[in-house]
Amino acid sequence: MKWVPPIMGGAVASSGEGKAVVFKSKLKLVGLVGLVLSTFSLFTHFLLARYTAGTALSEYQSSITIFSWRPIFDTADLSTTSALQRRLWGPIRPLESLHPYVNPRGNYPAPVLQTNGFIFVKIRGGFHEIRNSICDIVVVSRLLNATLVIPEIQSTTSSKGISTEFKSFAYLYNEEQFMSALAEDVKIVKTLPKNLKGSRRKKEVPSFKVTSKSSTHFYLHYVLPVLTRHSVVEIVVADGGCLQPILPQNLEEHQRLRCRVAFHALRLRDEVQELATKILYRLRASGRPFIAYDPGMTRDTLAYYGCAELFHDVHTELIQHKRAWMIKRGIVKGNLSVDSTEQRLNGLCPLMPEEVGIILRAYGYSWDTIIYISGGEVFGGQKKLIPLHAMFENVVDRTLLSMPWELNQMYGREANLVNKSPKTPPPAKGETKVEAWKTSGPRPRPLPPPPARPKTYNIEGWWGWVAESDNEPESTVMELRTNAHKLLWEAIDYTICVEADVFIPGFDRDGKGNPNFASLVMGHRLYQSAASKTYRFDRKGIVKLLEEIRDQFYQANHTWITSVRRHLRRNLVDGLTKENTRSKPLSFLSFPVPECSCSKIDLTKVSSRALSPSSNSRFPAALGAIHQCPSWMNGDMVSGTRGEESEEDLDEDDSSSTGLLFQQSSENNEGGGDTQIEDQEELDGGER
């Protein structure tokens, strides 16, 4: 047997270990190179997506996923000079000369240092009610020569667990901007003096509960003497306003003060405004215009106007339950059972999303139009939006254009209202032995039955409480927090609706019969950009047109399409007259014209045709006496002869587009695979 020295075996082992180490090092190197190449490739794709604007990559750019929204577009001509684009997105020519102007026009002295006292305000309600109330209370403070304490928004102070970084007014609006913008109008402070704070804690401060119909006479003859005597009064506003919308002629400057508050002083909190700007940027990232649509379908509104039978499901019971609750408290004066069909035919019910989609397709908006849904979830659930999604591919809302962390950043640091470590139940006692029970003494009297456990509605569904009580269920802590969040959501929607290329209101009244969120948006758009397209639907006329094709909803003929287009175009201007008579007496901000606007039309160039009653100069009669803009605003004076092309000429359609203008397509669209409605109208045939 040959003896092998032990050192040779050790050398072989060392050689094997060395090869293994080298092999692992090569694997690490290969993995590192692959990671670097992947990172470089991803970075290159981002650069191409962000900075490349060539036509060769247009399809690639349009398919980029923005959060959970994947926009799908057709390759239609988007030139603003085409007749179709002007008809759909172009300005309203009769209103192009109308511009915002809220500076004082007469004797308007600055507030004096010595005021009659302090006004402390508590405001309740939703976003549009808070906005109305703040504008009213500033005017009241000016009227009474009082110092205004920053208003307290009850929807935030009554909510538990919301961020302590933003309190009351500052939860929604920018306090510093509010105070600085109104420095020449009203004296504003953040808190009461110490001596008056004590009186308020002891509830020694006189309080007034006011309504939106409170007159200037009431404040001057009832509130002012109390304010002078006690140096402070508390005003509780729960009706969406605290001053009558229409003021006497000698207080026209106070109307302009309302506009300065609403459109300049009330700036959203920085975090809210930043998110609203981001969402607006994401909507416009594709370079296409978009429509903002507010359905206005809330439970309170449907109950107030008796539109329960439009649903035919459990939501009908919920609406009727709410209406019974309103009748019991005197909010609604009428019967519990209302003919919903008659209400709808009279234009007293919101238009359903499906009906709005039909009208938009009839007017010429294509299937790839971007539609932003405001107002949160529609009452009735997402199933009410299914027909609208089927007609338009790019229907989005706030949740599809924002990330959860962005919303959390807007909310601020909030307390945890959910107990993650519940108490452990006590240990169960051992069973009593049978023998011990038999040998025990006399039996005690049986205990009374335990009280009934609170009903858990989740067993029967979230609507289970309807059959249990005539009252509405108490709001939970989480629901109160959600109510505070809704103010921020509506603030974002408000900003986007004001800036949208087209705005469509599904309904213009709230659950109290007053102008709602959509009415405030229309008023803001009328002030800020009067010529931007805002469809003020004549719901009674729209419903009448829809009833004509009720049996063939998606197969409208050429005659019906023409009738819809003429109806909508006519109401772009004529709807202002109806809005002036219906909404302004209930809310000044829903129609702040002519007090807060001026005309930049050059009267020296107005032709005789433009001065005729049938021409575009008819808009001053609809809006009131429009003042001439001052000379420093006349740099880009609008000529009176501009737009002599009659709006009626735009009603004519190409005679070649005949047959059925709404047809169910047998083919699927490229992006979603859903059945679409084809519009057979020629692109340039809708406007001449």
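A residue is called buried when its relative accessible area is under 20%. Keep that in mind as you look at this predicted model, because 48% of the 688 residues in the protein chain fall into that buried group. The chain is built from 22 helices and 18 strands.

How does the chain meet itself? Take the contacts between residues at least 6 apart in sequence: 81% of them join residues at least 24 apart. For one example you can find on screen, turn to the aromatic rings.

The structure holds 16 aromatic pairs. One of them brings together Tyr305 and Phe507, with 5.3 Å from centre to centre and 85° between the planes, which makes the pair edge-to-face. Now trace where the two partners come from. Tyr305 belongs to the loop between helix H11 (299-304) and helix H12 (314-328), while Phe507 belongs to the loop between strand S11 (502-505) and helix H19 (517-528), so this pair ties together parts that are 202 residues apart in sequence. And are these two residues buried or exposed? Both Tyr305 and Phe507 are buried.

Rings can also join up in groups. Trp89, Tyr363, Tyr365, Tyr535 and Phe537 are linked into a cluster by ring pairs. While you're looking at Tyr363, check its face: Arg87 lies over it, at 5.4 Å from the ring centre. There's another arrangement of this kind at Phe392, where the charged end of Arg361 sits over the ring, 5.9 Å from its centre.

Next, let's follow the backbone. Most residues other than glycine have a negative phi, and most peptide bonds are trans.

Start with Asn145, which isn't a glycine but has a positive phi of about 50°. You'll find Asn145 in the loop between helix H4 (127-144) and strand S3 (147-149). Its relative accessibility is 27%, so Asn145 counts as partly exposed.

Then go to Ser231, again not a glycine, with a positive phi of about 70°. Ser231 sits in the loop between helix H8 (216-230) and strand S7 (232-237). At 35% relative accessibility, Ser231 counts as partly exposed too.

The last stop is a peptide bond. Val593 and Pro594 are joined by a cis one, with omega at about 10°. To spot Pro594, look in the loop between helix H21 (558-582) and strand S13 (597-599).

Key: Residues are numbered from 1 along each chain as its sequence is written. This is a predicted model: local features need pLDDT of at least 70, side-chain atom pairs count only at pLDDT 80 or more; totals for chains, interfaces and linings use all residues. Side-chain values use heavy atoms; hydrogens and water are left out. Rings of Phe, Tyr and Trp (its six-membered ring) pair if their centres lie within 6.5 Å; planes under 30 degrees apart count as stacked, over 60 as edge-to-face and the rest as tilted. Helices (H or I, at least four residues) and strands (E, at least two) are DSSP runs, numbered from the N terminus. Buried means under 20% relative accessible area, exposed over 50%, partly exposed in between (1.4 Å probe, protein chains only). A charge sits over a ring if NZ of Lys or CZ of Arg is within 6 Å of the ring centre and within 35 degrees of the ring normal. Contact means heavy atoms within 4.5 Å.
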